[in-house]
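Subject: Structure handover

Hello,

Here is the structure for you to look over. My notes follow below it.

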Amino acid sequence: MPNIKSAAKRAKTSEKSRQRNAEAKSQLKTLRKTLLTALAANEAPKTAAAYATYCATLDKAVKHGIIKKNSSVRKKARAAAMLRKAAAK
């Protein structure tokens with residue numbers, strides 16, 4: 001338990017941030033799985049929409065400081081590579 005009032009406030013805000021970040025990361029994982037299932041089903045319009053949503057959510061996560069920029073770029077590049085590979089089939 002914090003002894004100082006500001007430390008108690010900081011602990012409270014840190015917990016809120018942790019929960020918000022965990023929720024956002026969970027959403028990113030869900031969107032990635034949605035993209036993967038759309039790729040597996042080989043449905044082009046659904047795949048394109050899932051990819052666009054995934055990329056937009058990654059960009060928002062970077063903007064809000066939930067993930068780092070390079071992490072977002074890497075994830076988008078891998079998703080795009082999967083799209084190209086699926087389109088080549």
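Which residue forms a salt bridge with Asp59? The partner is Lys76, and the closest N and O atoms of the pair are 2.7 Å apart. Asp59 sits in helix H2 and Lys76 in helix H3, so this bridge ties together parts that are 17 residues apart in sequence. Asp59 is partly exposed, at 38% relative accessible area. Lys76 is partly exposed too, at 21%. Please keep in mind that this is a predicted model.

**Other salt bridges**

The structure holds three salt bridges. One of them pairs Arg18 with Glu15, with 2.8 Å between the closest N and O atoms. These two residues are three apart in helix H1, about one helical turn. An α-helix has 3.6 residues a turn, so residues three or four places apart point the same way. Arg18 has a relative accessible area of 49% and is partly exposed. Glu15 is partly exposed as well, at 34%.

Another salt bridge joins Glu43 and Lys46. Here the closest N and O atoms are 3.7 Å apart. The cut-off for a salt bridge is 4 Å, so this pair counts as one. Glu43 is partly exposed, with 34% relative accessibility. Lys46 is exposed, with 53%. The line between partly exposed and exposed is drawn at 50%.

**Helix H3**

Which residues of H3 are buried? They are Ser71, Ser72, Ala79 and Ala80. Seen down the axis of H3, they fall within an arc of 165 degrees, so they line one face of the helix. Helix H1 (5–41) and helix H2 (44–63) are included in what covers these buried residues. On the other side of H3, the exposed residues are Asn70, Arg78, Arg84, Lys85 and Ala88. When you turn the model, look for the buried face of H3 first, with Ser71 and Ala80 among its residues. Then turn to the other side, where Arg78 and Lys85 are among the exposed residues.

**The largest pocket**

What is the volume of the largest pocket? It is about 180 Å³. The lining is made up of Arg20, Asn21, Ala24, Gln27, Thr57, Lys60, Ala61, His64, Gly65 and Ile66. H1 and H2 are the elements that give two or more residues to this lining. The largest share comes from H1, with four residues.

**One distance**

Ala41 lies in helix H1. Ala41 is partly exposed, with a relative accessible area of 44%. How far apart are the C-alpha atoms of Ala41 and Lys68? They are separated by 31 Å, and the two residues are 27 apart along the chain.

**Where to begin**

I would open the view on Asp59 and Lys76, the bridge between H2 and H3. Finish at the largest pocket, where H1 gives four lining residues.

Best wishes

Key
Residues numbered from 1 in each chain as written. Predicted model: local features only at pLDDT ≥ 70, side-chain atom pairs only at ≥ 80, totals over all residues. Heavy atoms only, no water. Buried < 20%, exposed > 50% of the residue type's maximum accessible area, 1.4 Å probe, protein only. Arc of directions from axis to C-beta. Contact = heavy atoms within 4.5 Å. Salt bridge = Lys/Arg side-chain N within 4 Å of Asp/Glu carboxyl O. 1 Å grid on protein atoms, 1.4 Å probe; cavity = no way out; pocket = protein on both sides within 12 Å on 5 of 7 lines; lining within 4 Å. Points joined across faces, edges and corners; volume = space filled by probe spheres on them.
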